[in-house]
Amino acid sequence: MPNFIERPRYFCALGGAMETITALPGAIPVLHAAPGCAGNITWTQNGGSGLQVGGYCGALHVPCSNVQEKEVVFGGVDRLREEIRHTLDIIAGELYFVITGCVTEIIGDDVRAVINQFREEGVPIIHAETGGFKGNSYYGYELVLQSLFKNYLTKGLEKKKNKVNLWGIVPFMDVFWRGNLEGLRLLLEKLGFEVNTFFTQDDTLPEIQKAGSAALNIVVSDLYGVEAAELFKEIHGTPFIVTPLPVGPSATHEFLRQAGEAAGIDPATVEKFVTQEKQRYYKYLEPLLEGYNDLDLQRHVIVIGDANYAVSLTKFLADDLGWLPELVVFSDPLNETQQQLFSQRFDLESGLQPVVVFETDTSEVIRHFKQNWPEFHGQKYYNAFAPGFVLGSSLDRELALSLGAAHLSVSFPVANRAIIDRGYTGFRGGLRLIEDLLGSCIAAR
Amino acid sequence: MPINIQNLESPTRENRLGAITGYQGTIKDLVSKASGCALKNRERLFSQTSACSSGCAQGHLSGIRDAAIVSHAPIGCAADSIGSNVQNKWGNKVRNWENQNVKFICTNMTEEDTVFGAANKLREAIREAYRRYRPKAIFVTTSCTSAVIGEDINGVIDELRQEIPVPLAPVFCEGFRSKVWASGFDAAYHAILTWIVKPPEKKTNNVNMINFRGSAKDAITNIFARFDLKPVFIAPFSTIEELSRISESAATISICGTLGGYLGNGLEEHYGVPYVKSLQPHGIAGMDSWLRGLGKATGREEKVEEFIVEEKKRIAPELEEIRAQLHGKTAVVGMGPSFGHNYVRVLEELGLEVLWGATWHFDQQYDHGTCPESSLKLSSAEKDLPVSVCDQQNFEILNLLHKLKPDLYVSRHGGTSVWSTKMGIAAAMVADEYSAFGYQGLLDFGYRLIDTLANRSLAKNLAARIELPYSDWWLQQETFSLLEEAVI
C-alpha cells in the first residue's frame, strides 16, 4: 500500500460500508464511531457522487454512537447498546447493520457480544468490523457483502437453475450504480435468468435473503466483491465467475458468452440475442456518424479510473468507438499481484497498446503523461496529443484544462454531473457513453 | 479564558466557552442561565452522526491558496477534501482564478500503523507535500487514530523544521475530543495565530474579514472603500503572506461569531488589533450593529452613519413590498448558534413569524467573556422564543417540524433541509454565508424566500410518495424525550 495518498478518490472502509448499507433496501446503518465520521462521508458524497446523497436512512440521518473521550477511556459498549435499543424504537427498518469506525476498533469494544444479545431477542441485526484504517470504501463494500452472506442469507437452500446473483458495482462509488446494475439485470432477464442485484429498486430483503439458492454468482469486477464470492461459495456452495464491467457491445458480448457458458445456456441462444442487440446498437449509432466524421471526433485519450472503469472504459474506447487510448491510470491502491492481473486485461481486439500505470495521486498523472508523450520543441512534424480527451473524475479537469483537452467525469469523484439512473453497462450503456463523450466535445457549439 | 499562543493546542469549546449541545427551553432562559454560567449540557440516549473538528479545520485551511495540508489519518478523514475541493473550485471560479485542486496529502494510516505508529510515513508525506506543491506553509492535521495511538506529531514536525524552509503548523483537530465541530475552526486559527502570523512591523488600513467562501467580496470591498478601509478575506482564498501580516490591520471583523471569535480575540489580545464584537451583518439591525462596531474600532463613526441612513432609505419601499408578501408565514430555524440567533431576527425583519430556533450548539460565552451578542439581542425582545440546542440531530428536528408544521424551514449546513422537503415543507438552505448580507442582501434573501414558497409541486409530490425512516411512535413522542437530565 502506498505510504501516502493525495486527495483520496474514495472514503474509508466505514464510508464504503455505510453507503452500501444505505443502498440496500430496508437496511439501516448504525455506526459505532466518532461523531464526525458519517458527517465527513456525507460531505464527500455530496462532492463526489454525481449529486446523489443519502437515501431512505443515509447521510446525516444515520444513527451513530458518537463516541467521545469518555468512551475512549472507559469503553463504548454501553453507549452502543443504548444507541441500538433506541434505534429500534425510532428508526423503522427491516435489517439493522452495525458498522464500526477506527476509534471503537482501536479501543477494542466487543461489538459482537452486543449484537448477539440483540439477535437472541429476535432483532434482525448483523454487523461488520469496518474500521477506516482497514482499507478504502471499495473494501468496505466487500466487508458488508461478506457479513450479509455469512450472517443474513438463509443457508442450505436448494439451487435454482437460471437464478443468478450479480454484484461488483459499488453503490455511490460508482455513481452510475443504479443504471449499471439495472442494465445488466435487464440483459440477463432477457436471456431467461432470474437475477438478484441486491441494490436496485426491484430487489427486496426477503428475496436477498434467498440469494443462497442461486446456481451462479457473477462478479462484474476483477476486484470489488471477489473475496465475498469466495466466501459465498464456501458457505452456500454457489460457483462464481469474474468478468470486467461490461461497457458497450464488445465487452457485453464477451460477458454474455461467459455468463451463458457458466450457467449452461445454449450458446446459439446467446449468439442470436447478441446479434439482435448489436444490430440495434449500430442502427442507432449510424445517423451520428456523419457528424462524427465531419467534425473529426476521434480523440486521443487519457483514461483515469478505479479498477472497474480503467479497464472497461479503455476497452470500449479502443474496441468499439475507435478512439485512441494512450495512457490508462488506475487510481486505486493496488498490490503487485493485483497490478499484474490488471496489466493482463489490455489484450485489446483493436491491437492498441496503451501505457498502463498505477498511480493513486492525481497531480502525478501529468508526470506519467510527459514520460510517455513527447513534448513539443518546435520540430517541424510533431505528433501532438490533439485532439485530446481526459476521461476520468472531476479531479482530472485540471489536467484536461492544462492539456487543452475535452473532459468527462465518470469515475469517482463526479462533482460536475447529476446522475440518477444513467448507466454505461450493456449495449445501450455504450450508446449512453457515446452521447456523453461526444456531447462533451461539442458542448461549446 | 485568555488565548494562549504558547500552547500547542486550543482547548475545545466545551472546555473554553462552556459550549453545550443539548438544551430545550426559551431564549430568555438560555441567556439568563448562560450569563450565570449555570447551563449544564444534556446528553441524548439516541444520537445521529454530526460533524467533527477535523472536517472543519481541513475544509477551512485547504482553502488557503498557497498552503498544503498533510492529514495524518486513515484515508477516510482526508476523503472530505473532495467536498472541500468543490467549494474551492467554486471560489476560484467566482474570482476568475485558475481551476486548481486543493493541495492535500493523507498518510493513509493502516491497521498496522495503529499498532506500530506511522511517524515515518508522516515524515515522508510532509517532505512530499513540500516537493510536490512548493507551498508557503504546511498544516499537519491530526485524526482520532493518530491521537488514540499517541503519535508524536510534534516530534516529527520539530525535526523537519531544520530541513523544510516554510512554517510547519500542527493542527490538533481529532474528532472524538469535542461534540462541537466548530472546535476545529479554533484549531485551525490557533495554528494560524501560532505559526503563521508575525508581529506587526507597521499599521495598515486593512480590516481582517473572517469568512468562509467570500461571495460578497466585491460588495464588501466597495463598502469598506467608502470608509477608506480595505478588507483582507480570511482564511480561504488568502495567501500565507497576507495571513502573516494580519497583526498589522486596523481591525478584525467576522461574518460569523462562532467562526471568527478565536482569531479575532487572539489578535486583539496579542497584537492590539481591535475585534468588532457585534451582531452578524445579516439584515438591517445586524448590519447597523456590524458597521457601527467597525466605525467605532477604526474611528469612522460619522461616515458609517451616513452610509447606514442612505442605504436604509434606499431599500425601505422595496422591503415593504417584500414584507407584505411574506407577512403571516411561519418559519423554523435550524443553524449553527451564531447564524441561527441572527437569522431569527432576519426572518422577523422580512415579516415572517419564527416559531422555533434550533441551533447546533451554544457557547455560554465567547472568548471575550460575554454571552454571544446575537443571543443577548434576541433575549431582549419582548417575545420569548422557544429554542433548543442539538448537534444537528435530525430526529429531533423532524419531530419538531412534524408538530409545528411551519410554512418554511430555514437551515444552514447541508443535510437537514432535504428532510423538510421530504415532509412537504418548503426549505431554504443558507449555504452562502453572505445570504441576507446587509441591506441589499436582505431584499435578495426576501425574494429568494418568496421564490421558495411560490412553487411547492416537487416537495408535495415527493412527500406523498416517500417514506420517512422514522417510526410513527417516534413522531408522536415529545420532541425532547430522549434528552437526559443534566449531570451537575
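Student: Into which domains is chain B divided, and what makes these the bounds?

Tutor: In this predicted model, chain B is divided into domain 1 (52-196) and domain 2 (318-476). The bounds come from an automatic or database domain assignment. Taken over C-alpha atoms, the centres of domain 1 of chain B and domain 2 of chain B are separated by 33 Å.

Student: How do you know that domain 1 of chain B and domain 2 of chain B are in contact?

Tutor: The cut-off for contact is heavy atoms within 4.5 Å, and four residues of domain 1 of chain B are in contact with five residues of domain 2 of chain B. The two domains of chain B bury about 390 Å² between them, with 74% of it on carbon and sulfur atoms. On the side of domain 1 of chain B, B:Lys179, B:Val180 and B:Trp181 supply 85% of the buried area, more than any other three residues.

Student: Which domains does the assignment give for chain A?

Tutor: Chain A has domain 1 (13-151), domain 2 (160-282) and domain 3 (295-414). The centres of domain 1 of chain A and domain 2 of chain A, taken over C-alpha atoms, are separated by 28 Å, and 24 residues of domain 1 of chain A are in contact with 27 residues of domain 2 of chain A. About 2300 Å² is buried between these two domains of chain A, and carbon and sulfur atoms give 69% of that area. In domain 1 of chain A, the residues that lose the most area to domain 2 of chain A are A:Tyr138, A:Tyr141 and A:Phe149, together 32% of what that side buries.

Student: Which helix of chain A gives the most to that side of domain 1 of chain A, and what polar pairs cross the interface?

Tutor: Across the interface of domain 1 of chain A and domain 2 of chain A there are 11 residue pairs in polar contact, both residues at pLDDT 80 or more, while the count of salt bridges is zero. Helix 1 (13-23), helix 2 (37-48) and helix 7 (137-151) of chain A are the elements that give two or more residues to the side of domain 1 of chain A, and helix 7 of chain A gives the most, with 10 residues.

Student: What makes the pair of B:Arg132 and A:Asp361 a salt bridge?

Tutor: The rule asks for a side-chain nitrogen of Lys or Arg within 4 Å of a carboxyl oxygen of Asp or Glu, and the side chains of B:Arg132 and A:Asp361 meet at 2.7 Å, N to O; this pair therefore qualifies as a salt bridge. Across the interface of chain A and chain B the rule finds five salt bridges, together with 35 residue pairs in polar contact, both residues at pLDDT 80 or more.

Student: How many residues does the contact take from each chain, and how much area is buried?

Tutor: The contact takes 67 residues from chain A and 73 residues from chain B, and about 5500 Å² is buried between the chains, of which carbon and sulfur atoms give 59%. A:Phe4, A:His61 and A:Ile90 supply 14% of the area that chain A buries against chain B, more than any other three residues.

Definitions and conventions
Residues are numbered from 1 along each chain as its sequence is written. Chains are lettered from A and ligands numbered from 1 in the order in which they are written. This is a predicted model: local features need pLDDT of at least 70, side-chain atom pairs count only at pLDDT 80 or more; totals for chains, interfaces and linings use all residues. Side-chain values use heavy atoms; hydrogens and water are left out. Buried area is the accessible area (1.4 Å probe) that two parts lose on being put together, summed over both. A polar contact is a pair of N or O atoms within 3.5 Å; within protein, one must be able to donate a hydrogen and the other to accept it, and residues adjacent in sequence count only if both atoms are side-chain atoms. Helices (H or I, at least four residues) and strands (E, at least two) are DSSP runs, numbered from the N terminus.
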